[in-house]
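Work through the exercises below with the sequence and the model at hand. Each task is followed by a solution in steps.

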Amino acid sequence: MSENKFQQAELANLLGVIERLAGDLSLAEEPARFAAALEDGAPDAGRVAPGAGSPR
Amino acid sequence: MPDFPSLAAVAASIRQGTVSPVEVARHHLDRVARLDVRLRAFITVDAERALAAARRLEDEAGRGRWRGALHGVPVAFKDLCFIRGLPTSCGTRTAEYFTADQDCTAATRLLAAGAVCLGKLNMTELAMGALGDNPHHGHARNPWAVEHCTGGSSSGSGVAVAAGLALGAIGTDTGGSIRLPAAACGITGLKPTYGRVSRAGAMPLSWSNDHLGPMARTALDCALMLRAMAGPDPLDATAGSHPVTDYVAALEAPVRGLRVGVPQNFFFQGLDAEMEAGVRGAVATLAAVGAHVAEIRLPDPQVLNDITGLISRSESSALHARVLRERPQELDAFTRARLELGLGVPAYDYLQALRLRARLARAFTREVWSEVDVLAVPVIPEPAPPLRAALEGPLEERIARQGRFSRLTRPFNGLGLPALSLPCGFSAAGLPLAFQLVGRPFDEATVLRLGHAYQRATDWHTREPDLG
């Protein structure tokens with residue numbers, strides 16, 4: 001496969017992943033929710049303390 | 001002075017007065033002069049200013065004034081950290097490729113804690129590339145086998161620490177660029193949580209995926225460096241205000257009961273047999289020191305790789321469009337091809353990828369961190385391959401090869417999670433094996449603590465390459 005065709009195939013694959021997954025994104029799902037996800041996932045966010053033996 | 005001391009040991013010796021900052025700086029500069037012609041870890045050696053700084057620190061220590069925990073410790077910075085008075089090539093042919101209004105915040109914080117800057121370190125061009133080659137400054141050489149790859153993009157950072165040329169280094173990690181060279185060179189490297197360490201004053205490759213972090217011999221060394229580097233920064237809006245833990249003090253907490261997840265899917269598929277044995281051996285050691293090990297199924301990491309890759313390609317092309325447009329002939333064919341790919345990503349797809357990333361990060365928190373505290377996974381799919389074999393073949397093969405080498409690290413850039421690479425053995429050919437511990441967001445303390453416990457139970461991190 002030539003370099004150009006390889007690049008086109010790689011790009012098509014990446015765009016295909018977006019096409020497959022983005023269809024059911026809700027209007028509330030903005031990029032800024034990534035930072036919120038990090039904050040919410042932090043161990044002191046009131047969920048589970050590391051090593052605390054939380055319910056399995 | 002031993003050739004391969006840890007950063008922590010040297011810092012303690014300086015504090016006790018058994019060795020001086022000038023002696024330590026001279027020792028390392030002598031090693032650089034003797035060994036770096038062959039290893040190519042440095043792009044710029046700043047010997048004169050390093051010795052001047054060491055003399056100042058020695059004088060201050062004599063008067064009982066200590067700047068911080070790194071007083072007199074020689075370190076070096078990846079050549080994309082802007083430091084006034086030194087060129088910042090970013091691995092390109094252009095000596096002054098990147099400038100900033102202010103010195104790199106992470107580097108400045110290490111120097112404020114007493115570290116001595118020996119110079120700027122080799123890297124792959126524009127921090128692209130997973131294997132560590134550089135056609136402009138010479139390929140960095142793996143201290144364990146100089147004909148083998150170092151891993152990249154922070155190739156010089158991996159080599160400098162592994163070869164005992166510096167006690168610590170700053171690396172950056174957009175798809176694995178701290179952990180890949182740490183793994184290939186047999187040292188310890190931490191990609192912190194996204195936003196844990198300021199990116200200000202460091203060349204951006206992908207603002208959504210870029211992380212700065214410490215590379216050193218041990219988890220304790222990384223904890224010492226991270227404690228100095230971490231925290232909010234008015235110069236970087238993405239540097240989070242999440243409280244900075246005392247990562248060094250936290251190392252002493254027990255690890256008994258920590259839940260370690262070993263993925264059933266993706267991470268062990270197609271893995272080299274020696275690497276798999278090394279990683280599974282490391283997991284057995286974690287169990288032996290008191291962790292509860294359990295298998296877990298992760299949300300598809302390949303989707304994370306694809307989305308992270310699309311975002312990185314898109315942002316890096318926007319950031320580095322000028323060199324691509326005006327001086328494409330200066331770029332290596334690999335770099336040029338990667339930047340050209342990003343130009344083809346429609347805005348619609350880039351924005352959807354950012355939205356999906358947020359969704360996947362939330363799903364990962366919900367599904368994984370409710371079950372385990374830490375993940376243990378391989379870093380590289382095989383020991384560092386021969387450099388010649390890595391560079392041969394048509395461009396599309398080179399691109400595919402680099403993608404395969406970073407497939408186990410990229411998911412955690414997209415998720416922004418802290419990931420610590422630790423040495424866990426050697427192949428029959430004498431090349432380092434490695435695994436990574438991945439933790440909750442902003443929970444560097446736990447991955448460092450478990451890594452420290454692992455290194456107390458093993459001695460892989462103390463092995464020394466034969467450099468003649």
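**Exercise 1. Find what share of chain A is buried, and list its secondary structure elements.**

Solution. Start with the definition: a residue is buried if 20 or more other C-beta atoms lie within 10 Å of its own, exposed if 12 or fewer, and partly exposed in between, with C-beta atoms placed from the backbone. Of the 56 residues in chain A, 21% are buried. Next come the elements, which are DSSP runs numbered from the N terminus: helices (H or I, at least four residues) and strands (E, at least two). Chain A has two helices and zero strands.

This is a predicted model, in which local features need pLDDT of at least 70 and side-chain atom pairs count only at pLDDT 80 or more, while totals for chains, interfaces and linings use all residues. Residues are numbered from 1 along each chain as its sequence is written, and chains are lettered from A and ligands numbered from 1 in the order in which they are written.

**Exercise 2. State the confidence in chain A and locate the stretch with pLDDT below 50.**

Solution. pLDDT is the predictor's confidence in each residue, from 0 to 100. Its mean over chain A is 81, and 73% of the residues of chain A reach 70 or more. The stretch is residues 46-56 of chain A, which has 14 contacts in the model beyond near neighbours in sequence. Two residues are in contact if their C-beta atoms, placed from the backbone, lie within 7 Å. Where pLDDT is low, the predicted coordinates should not be read in detail.

**Exercise 3. Describe the side of chain A that touches chain B.**

Solution. First count: 29 residues of chain A and 40 residues of chain B take part in the contact. Then assign: helix 1 (3-21) and helix 2 (33-41) of chain A each supply at least two residues of the chain A side. Helix 1 of chain A gives the largest share, 10 residues. Finally classify: the chain A side holds 18 nonpolar, four polar and seven charged residues. Here Ala, Val, Leu, Ile, Met, Phe, Trp, Tyr, Cys and Pro count as nonpolar, Asp, Glu, Lys and Arg as charged, and the others, Gly among them, as polar.
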